[in-house]
Amino acid sequence: MADSPPADNAAAAPPGAPTTAAATGRAGPGASPTDILLLHPGAMGSAVGEVWHGLGLRVHWLPEGRSAASSRRAEAAGLLGTDLDTALGRCTLVASICPPHAALTVAAQVFERGYRGLYLDANAISPQASASIAELASRAGAQYVDGGIIGPPPRGNATARLYLSGPHAAELAPRLAGAGLSTQALAGGLCQASALKMAFAAWNKGAQALLADVHALADTHGVREALEAEWALLEPDAAERTRRMLTNAPKAWRWSGEMREIADTFGAAGLPEGFHRAAAEVYDRLAGFKDAAEPPPLAGIVAALRRAGG
Ligand SMILES: NC(=O)c1ccc[n+]([C@@H]2O[C@H](COP(=O)([O-])OP(=O)(O)OC[C@H]3O[C@@H](n4cnc5c(N)ncnc54)[C@H](OP(=O)(O)O)[C@@H]3O)[C@@H](O)[C@H]2O)c1
C-alpha cells in the first residue's frame, strides 16, 4: 500500500526564499511551497493550516463568503486573509479542505482563473471525483495531488494522517508534515489517497449511520431497552459506539455527501452501493443537528430519523 513510512511529526523542509514561480502562481513540481492557499478553514482545514503556519509557511485563506466561525478559526490559526486573485498570484500550492459536495466547485473556481501551480484536493471524495478535478488541473496546466485526511483535526494530543498520491506526492509529503500531522505518499495510481479515505470512512461513518437507524428501528417497536441489554452481553462496545455516533451528529450534514461519494466508489468498483446510499439518507435526516453545541440525546436522533420518514 505505502511506498514510504509515515513522516510522523517530521519537520518540513525549511521554506526556501520566494521564487519567481511563487510570484506567478507557477510552481515547478520540485519547488517547495512557501505560500499556500487553504480552501477553507473549517474544523479540519484550520487545524491543518495551523500546522503549516507552525512550519513557517504563509497560509492564506479567502474570507469572502465564509462565516464568522471560519473567520474566527482562521485568525486563531494565524492564517492570512486575502482575495482569490492575489492569493493565486502568490501561492504555489492550493489545498482544498472543504465539504465533499463543494470540492469540484472549489477546484473550478481556482482553475478558471488560470492557476498553474500545485493543487491538492484533500477531501473525502471518490477516486472518480478526484480524477475529474485532476482533469481540470491538467487542462489548466497545473499539477494535481490527490489527498485524504484520516483522524481528528490535529490539535493538542490529537493526530491526523494526510495521505497523498500521484506523481508529485512523494516530494510534497515531507514538506507538509508537522506537529500532529503526519504525511504519507501512497504508491500506485493517481487517486489512491481518495480510495483509502473512502474505504476507511465506509466502515467508520457507514457503521455509525447503521447504528443510528438500528436504534430508531428498535425504538419504533418498543424493544430498544431489550436490545441494549442484549448488546451489553454480546456486543459490549455498542454503548461506546452509540456515544460516538451522538457526538458526531452535528457533522451529519457534511457526512451525507461523503456517503454518496462512498456509494459512487463502491458502484464504480462493481460492488453493492446501497448501504451508503441509505447511510446518506440517514445523515440527511440528521442534518438539522448542524451547529448543535451539545451532542443530541438518543431520543432526539430517533425522533429526527422517524419524523423525516413519516
Ligand atoms: N473534521 C474532521 O474530523 C475531519 C476528519 C477527516 C477528514 N476531514 C475532511 O476535511 C474536509 C473538511 O472538513 P471540516 O471538518 O473542516 O469541515 P467543516 O468544519 O464543516 O468546514 C468546512 C469549511 O468549508 C467551508 N464551506 C462550507 N460549505 C461550503 C461550500 N458549499 N463551498 C465552499 N466552502 C464551503 C466552510 O465555510 P463556512 O462554514 O464559513 O461557510 C468551512 O470553512 C472534508 O472533506 C472532510 O472529509 C475532516
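**View 1. Helix α8 passes helix α12 in a left-handed crossing.** Left-handed here means that the near helix is turned anticlockwise from the far one by less than a right angle; clockwise would be right-handed. Helices are DSSP runs of H or I with at least four residues, strands are E runs of at least two, and both are numbered from the N terminus. On the α8 side, the contact is made by A202, G206, A209, A212 and D213, and on the α12 side by F275, H276, A279, V282 and Y283. Being in contact means that two C-beta atoms, placed from the backbone, lie within 7 Å. Sorted by class, the residues of this α8 and α12 contact are seven nonpolar, two polar and one charged. For these classes, Ala, Val, Leu, Ile, Met, Phe, Trp, Tyr, Cys and Pro count as nonpolar, Asp, Glu, Lys and Arg as charged, and the others, Gly among them, as polar.

This is a predicted model, where local features need pLDDT of at least 70 and side-chain atom pairs count only at pLDDT 80 or more, while totals for chains, interfaces and linings use all residues. Residue numbers start from 1 along each chain as its sequence is written.

**View 2. Here are the axes of α8 (residues 192-220) and α12 (residues 274-285), which come within 9 Å and cross at roughly 60°.** That angle makes α8 oblique to α12. Axes are lines fitted to C-alpha atoms, for helices over the stretch in contact, and angles run from 0 to 180 degrees between N-to-C directions. Under 35 degrees counts as roughly parallel, over 145 as roughly antiparallel, 65 to 115 as roughly perpendicular, and the rest as oblique.

**View 3. Now α12 with another partner, α11: their axes come within 8 Å and cross at roughly 170°.** The two helices are therefore roughly antiparallel to each other. From α11, A252, W255, S256, M259, R260, I262, A263 and F266 meet H276, R277, A279, A280, Y283 and D284 of α12. This α11 and α12 contact divides into nine nonpolar, two polar and three charged residues.

**View 4. Around the ligand sit 23 residues, the closest being G42, S67, S70, A102 and A124.** A residue is near a molecule if its C-beta atom, placed from the backbone, lies within 6 Å of it. Helices α2 (43-54), α3 (68-76) and α11 (252-268) each supply at least two residues of this shell. The biggest giver is α2, with three residues. By class, the shell holds 14 nonpolar, six polar and three charged residues.
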